[in-house]
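Open the model in your viewer and keep the selection panel at hand.

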Amino acid sequence: MLDVLRYAIKEAEAQGADDAEAYAAVSAESEVFIENNDLKQAKSQAISSIGIRVLLNGSLGFYSVNRLSKDDVKGAVSMAIKVARVSPKDRYNSLPSRSKVRLLKGIYDRKAESFEASDAAGLAAEMLQAAKSYDSRVSVDSGNLARAVATHALANSNGTELKERISTFSWSIMGMAIEDSNVSSFDFQSGGSHFVKDIDARRASVEFAETVVNSLGPQRITSFRGEMLLTPSAVNELVEEVISHSINSDTVQKKSSQFAGKLGKKVSSELLAVEDDATNTEGLGAASFDREGVPHRRNVVIEKGVLKKFLYNTYTARKDGVRSTGNAGGSTSSPPSVSATNFIIRPGRSSVDALVSEMENGIIISRFSGNVNPVNGDFSGVVKGGRLVKNGEIKHAVKEVMMAGNVFDALRHLTGVSREQKAIFDSILPYMRFDNVSFTAG
Amino acid sequence: MQGSSTHMLDSLQSLISSSRGVSYVEARYQSRSMTDVNFVNGELERIRVVENSGCGIRVLVDGCWGFSSTSNDTSFDALKESLGQAIAAARALAQTKKNRVQGLAESKMVKGTFRLKVRGSLSDVDIEQKVQVTREAEKAARKHSKAVSTASCVYHEMLDHKVIVNSDGAEVEIYDSKPEFSVTAIAKKAGQSATAHEGLGITGGWDDLFGAKSQFDYAAAASERAAKLLEAKHAKGEKTTIILDPGMVGLLSHEAIGHTVEADFVLSGSVVKGRIGEKVASELVTLVDSGRSDLADNAAGTIMVDDEGVAAERTAIIENGILKSFLHNRESAMTFGTASTGNARAFQYNDEPLIRMRNTFVEPRSDRLDDMIKETRHGYLVKGARNGQADANGEFMFGAEEAYLIENGEIRELMRGASISGNAFDALLSVDMVGDKFRYDIGTGYCGKYQPAKVDGGGPYVRCTAVIGGLQ
């Protein structure tokens, strides 16, 4: 694989590029799909692709193709150069210099290589079984269990040559509970691991089943202002998007981040601590180096509610005169963007049960379905799988409640973070409780 | 290397006829070339050209589906190996799958070559020009309104060449072209901001995209709207009369009705299960999903033939308020004892066909928009479909960019974007006026269901009752 990359760099230099980078990924994936309470289909695929980035007089060109023969790579290099010739010049375009990368342990399981479609089918059948045996009213609409064994490699004209293998398993389950004509809200649960021995698909199934059964028999409530307790999935949908948008140097530089100019300042209640950490192997975003070959590390972004750092790739770092934080993201089919790797909200001290018992008047929210504007933080939408809590007790499921507010305001009214955390693909999130949220009955 | 199309058709045909021990096999070669140009605040945010091609093979063995795909090598030997993997995958399910696929509904298999209509081939337009219009529109959006200091513009195109062959006789070749262009403007003052989008996503060519409106027209519309929205107040949350614009009608049709009638969702227990023939909407409502660009040209979800080789024709989901049909592929059609509606779609060569919508819309009637407003005592006219979601029980929520307050038959003031929610079927039962002018308007969107799909939707203006949820 490195041979192909070296060839691409040499070819790009020969065709006149000032700088060149080639990033390739080769993977073997297999996946079993669940649909309508049964296994649906098994799938296997071999994927290989390469992305060529060239710089020519300060202009960027990019071309990607999913074939790795010399002819294809040569063609891709010429096309990338053609694109660079029509792109505007940008003095911040550059490639990172070569740096030492220590390869991460705990992200590749050799046993993943011999994990067959039939193994995936067996586990998917167990997931169905777990959901059904939790409660017969549970109906699984869809789900999956997937394995990927991938190698990603990068070379550039500054002498960088990197290659590593990553294995990932991921699974998901979604659906509802049905009792006569009563259909519950949809719920979606998922999980992931790097090692065969850590696959725990059953847990996602049980959590899904529990959530949909709990949301059966919803009752109408009257509009009120009170507390909301978000599950990790709801934190993922509502809070994470806004924070990860705001801590991204790219959005900061484009003036679409509310955190612009707020380094060292308080941006939330003291209970919030956020980090980006690709070296945490619990998250599926773990890898040793980023999309342009910069080593990954742990970045503390928010500590005790104070904004500490933005996430950078080489381009945005150069703009701000700082160093890349190892957050060049994206696949072989795009030039590097800036993105979080594993997005982590650090756990708090309370248990989920304690967070509930302290609630006077509020709603536990498993899912939020609506619009979240990551720029200004405004959100409005419908509470899914909501349960009403009065004086510390869970009363009943709630029907069609609209919720509207602002994430940045909510972060100032963060009143509790659970010590329990959940990994959702490349996020590791706790339960979070907020005060002063407005709920409108439908 | 990419094979020439006749070579590929021959190769897939030999592959199909060489397969043994399968009750059905389908091979689909797809080559896609994608170009993206994106400018943000005067700078090139993204430029890329991506070429993906490969072959996806799907087999039905002992009532179990297996799928395999390969990209790097599409030689006959590689395809043969991939076929073997698809068969092995299907066999892996055989031990645990409870309900075997009973078979596939009889369908007329299409043979032939289809070129979707374009004015101005995208491959004849140099990438330099694509960069230029995108750059100019982004700049124009910032210059057009004082309050707008942040803008972005995206040009995106997908050019597809597909060859579909299956063991039931389909032999289809399709050339498709789907470009889109969209400008976003953000207006700001004292810690407040408002965002507006103006764009178009179509099946067509360069002149279809820029024939009626120039890049500057798109920019001016987005910029003006963002500036106006910045001065607007938030709507009050309430259940009231709502007039939906064609985009919102398209979004409602797609998100809130369309998904509930996808046969795979129906089988999982969606709210319409067992309700064919029942009244589910006002008799003014005829709701259609079509693979053709009916009623107006260039609908983005146009496919002509689906990925199982079935003609993708007009399907009336609701006719005059009565639920008439679900959306089917051949497998679900067999289960329901009906015919496939041509809704089996795969996004790329390595995706398996799933039941997906195409162009989903409400058919026009006779009401004029002016009369709809005049006959509204209190309510809102909402415009500009944003993202939306819906549950299997018909509960929906989606965003509108603009909400105009209506009092005593007159448009009063523009309010900020808000969510519209309710139960889709309740909303459709409440429809009491349906407009006379039709438009597709959600072609810049993608529908997500494991894989993306280019879809469109639209309708006339429609008046109904729903909940508008503003900030309080």
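Which residue stands opposite Glu303(A) in strand 11 of chain A? Select Val306(A): Glu303(A) faces this residue of strand 11.

Before going further, note that this is a predicted model, in which local features need pLDDT of at least 70, side-chain atom pairs count only at pLDDT 80 or more, and totals for chains, interfaces and linings use all residues. Residues are numbered from 1 along each chain as its sequence is written, while chains are lettered from A and ligands numbered from 1 in the order in which they are written.

Select residues 306–307, strand 11 of chain A, together with strand 10; the two pair in the antiparallel sense over two bridges. (Strands pair if DSSP finds at least two bridges between them; helices, H or I with at least four residues, and strands, E with at least two, are DSSP runs numbered from the N terminus.) Strands 10 and 11 of chain A form a hairpin with two residues between them, and Lys304(A) in the turn has a positive phi of about 50°.

Within strand 10, Val300(A) is opposite Glu275(A).

**Helix 5, chain A**

Select residues 232–246. This helix of 15 residues spans 19 Å from first C-alpha to last, close to the 21 Å expected at 1.5 Å a residue (1.5 Å times one less than the number of residues). Centre the view on Val239(A), where helix 5 of chain A has a kink of about 45°; the bend is the angle between axes fitted to the seven residues ending there and the seven starting there. Of the 15 residues in helix 5 of chain A, 13 are buried, meaning that 20 or more other C-beta atoms, placed from the backbone, lie within 10 Å of the residue's own.

**Domains of chain A**

Colour 2–214 as domain 1 and 218–442 as domain 2 of chain A; such bounds come from an automatic or database domain assignment. The C-alpha centres of domain 1 and domain 2 of chain A are 23 Å apart. Their contact takes 41 residues from domain 1 of chain A and 31 residues from domain 2 of chain A, where contact requires C-beta atoms, placed from the backbone, within 7 Å. Elements supplying at least two residues each to the domain 1 side include strand 1 (19–35) and helix 4 (201–214) of chain A.

Definitions and conventions
Buried ≥ 20, exposed ≤ 12 C-beta atoms within 10 Å, placed from the backbone. Contact = placed C-beta atoms within 7 Å.
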